[in-house]
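Work through the exercises below with the sequence and coordinates at hand. Each task is followed by a stepwise solution.

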Amino acid sequence: MPIYEYVCDDCGERYERIVMSQRQKITCPKCESAKHTIQLSVFAAPANGGKSSASSSSSAGPSGGSCGCTPRTCGCH
Ligand SMILES: [Zn+2]
């Protein structure tokens, strides 16, 4: 389930929403404005991208799984 981070265009409040539907209305919890800028998804791009990408690449072993599981036990795919 994707979690998106938003920045309110009106008051600058940062907030996160779990988006279950494209039609879901996203409003600022502070001023209830529907105007916002979507930041990158928490899962796709962590804020400290350099750090986590380095750790994820090092955990990808010879088995080639990016999830850290062995191909036989992998429950990620
Ligand atoms: Zn706001």
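Helices (H or I, at least four residues) and strands (E, at least two) are DSSP runs, numbered from the N terminus. The model is predicted: local features need pLDDT of at least 70, side-chain atom pairs count only at pLDDT 80 or more, and totals for chains, interfaces and linings use all residues. Residues are numbered from 1 along each chain as its sequence is written, and side-chain values use heavy atoms, with hydrogens and water left out.

**Exercise 1.** State the secondary structure of the chain and its pattern along the sequence.

Solution. Step 2: reading along the sequence gives β-β-β-α.

**Exercise 2.** Identify the protein donors of the zinc ion and the geometry of its site.

Solution. Step 1: donors are N, O and S atoms within 2.8 Å of the metal (3.2 Å for Na, K and Ca); water is not among the atoms, so sites may look incomplete. Step 2: the SG atoms of Cys8, Cys11, Cys28 and Cys31 lie 2.3 Å from the zinc ion. Step 3: four donors count as tetrahedral if all angles lie between 85 and 135 degrees. Step 4: the angles here are 104 to 118 degrees, and the site is tetrahedral. Step 5: along the chain, the donor spacing is C-x2-C-x16-C-x2-C.

**Exercise 3.** Are Cys11 and Cys28 buried, partly exposed or exposed?

Solution. Step 1: buried means under 20% relative accessible area, exposed over 50%, partly exposed in between (1.4 Å probe, protein chains only). Step 2: Cys11, at 36%, is partly exposed. Step 3: Cys28, at 1%, is buried.

How values were computed:
Tetrahedral: all angles 85-135°; square planar, octahedral: opposite > 155°, others 65-115°.
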